[in-house]
Amino acid sequence: MVLDTVSSSVLKIIEPYKKWIIENPQLLSDVENTVQFLPYFTAGQFNNSTFVSELLYSLSNLIVLFNDLLMCSGKRVHLKFVQFESKIKIWLTVVEYTEALFEISAKKLWGSSGKWFIITVIQIFKAVLRLLLVHLYKERVTKSPPIQPLNREKLNEPDLEKLKEGFTLKRSGTIVRSIRGASSPHMRSWESLSSNGNNNDNLNKSPVSEKNLMLAETLYIMKPLFHLGCISVTGEKHWPPWLLSLAIDLLSLNLINKGAKDISFSKEEEKEIFRRRIAVLLYILKSPFYDKYSCIKIYSILTALSNKVPLAKFLAEPLKKYLPHWQSTYFYLWSS
């Protein structure tokens, strides 16, 4: 009874805000973008700047997620997952936005041992939930974050064109052409209308390729745990954990490339695969490779740009100042 009263009062408070964000999507996006830039300006500016910048980063992304979920409910747009799968993706998204903040907080409160304990707990939690998505809900490529920010412009476009062409059946989700919106016979297209969502069930499938994809995704999900296990044996900033993580990434991408010959990926899956390929290039910014090789090269390039290129100093000097902070905070290998 008490919970019902609390929830109803919270809904009454949220309802005006929900109405406002639905009516002002562009203004909302501008405010969110401004808030999301704040962490980059606070890094290295004052004491505890690392904690403050991570706090701002986490809060800004959580606000965007909260607003997106409110807009979905207000627009009657439902995430195309079953209820439990939706909860898994929301929790994973929240953890990805806040894990660095938890790590920094744990180190301040309990030292290095507390930091590694929190890292281990977070990575086990993420691995279990991601494995559920792959093996229980048959998700082929898990995205990072699992719930991507909404395209506000697309969500708030008037549905006139959709109404002209057809309508969606509530239960099946099938789009049926509207007779009212039919054009003259010689101008008509007899192809079926496609839905907005990406339906993986309609994409090409091959049993062998599906197994390769599942193996590739399982390896990628388990990579942080393998990396942490290797660190516990060899210590931090040594070559074996770095090489192990790189090998797993390359093996996972190789299996995905083999599967791509027989399977059509959705746009979201292709985007995630491309992000992982770029992430392999970022191994040059991860220790110990960064400490032994790329650090000196990067600083010499930034110094040369600062001295020889007009106005480059305003960009190169802040990068030199913030690079150690970003390298130690974001370019760690236990995260997927």
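How many helices and strands are there in the protein chain?

## Overall make-up

The protein chain has 11 helices and 2 strands. This is a predicted model. Read from the N terminus, the order of elements is α-α-α-α-α-α-β-β-α-α-α-α-α.

The chain has 336 residues, and 36% of them are buried. Its accessible surface is about 21,000 Å², with 65% of that belonging to carbon and sulfur atoms. Among contacts with a separation of 6 or more, 74% are between residues 24 or more positions apart.

Tyr17, Trp20, Leu27, Val31, Leu55, Leu59, Ile63 and Phe66 make a nonpolar surface patch of about 680 Å². Three helices each supply at least two of its residues: H1 (2-23), H2 (25-42) and H3 (49-74). The largest share, 4 residues, comes from H3.

Phe66 is one of the patch residues, and it lies in helix H3. Its relative accessibility is 39%, so Phe66 counts as partly exposed.

Thr142 sits in the loop between helix H4 (83-135) and helix H5 (152-155). Is this residue, Thr142, buried or exposed? Thr142 is buried, because its relative accessible area is 2%, and buried means under 20%.

Leaving aside residues up to four places away in sequence, Thr142 touches Arg130, Leu133, Val134, Glu217, Ile221, Glu272 and Arg276.

## Aromatic pairs

The structure holds 6 aromatic pairs. One of them joins Trp239 and Phe289, edge-to-face, with 6.4 Å from centre to centre and 90° between the planes. Trp239 belongs to helix H8 (residues 239-259) and Phe289 to helix H10 (residues 289-308), so this pair ties together parts that are 50 residues apart in sequence. Trp239 is partly exposed at 27% relative accessibility, and Phe289 is partly exposed at 24%.

Trp242 and Tyr283 also form a pair: their ring centres are 5.7 Å apart and their planes stand at 80°, so the pair is edge-to-face. Trp242 is in helix H8, while Tyr283 is in the loop between helix H9 (267-281) and H10, so the pair ties together parts 41 residues apart in sequence. Trp242 counts as buried at 8% relative accessibility, and Tyr283 is buried with a relative accessible area of 2%. Ring pairs link Trp239, Trp242, Tyr283, Phe289 and Tyr293 into a cluster.

Key. Residues are numbered from 1 along each chain as its sequence is written. This is a predicted model: local features need pLDDT of at least 70, side-chain atom pairs count only at pLDDT 80 or more; totals for chains, interfaces and linings use all residues. Side-chain values use heavy atoms; hydrogens and water are left out. Patches are made of residues with over 30% relative accessible area and no salt bridge: like charges are joined within 9 Å, nonpolar side chains (Val, Leu, Ile, Met, Phe, Trp, Tyr) within 5 Å. Accessible areas come from the Shrake-Rupley method with a 1.4 Å probe; for residues, only the protein chains shown count as cover. A salt bridge is a side-chain nitrogen of Lys or Arg within 4 Å of a carboxyl oxygen of Asp or Glu. Buried means under 20% relative accessible area, exposed over 50%, partly exposed in between (1.4 Å probe, protein chains only). Contact means heavy atoms within 4.5 Å. Rings of Phe, Tyr and Trp (its six-membered ring) pair if their centres lie within 6.5 Å; planes under 30 degrees apart count as stacked, over 60 as edge-to-face and the rest as tilted.
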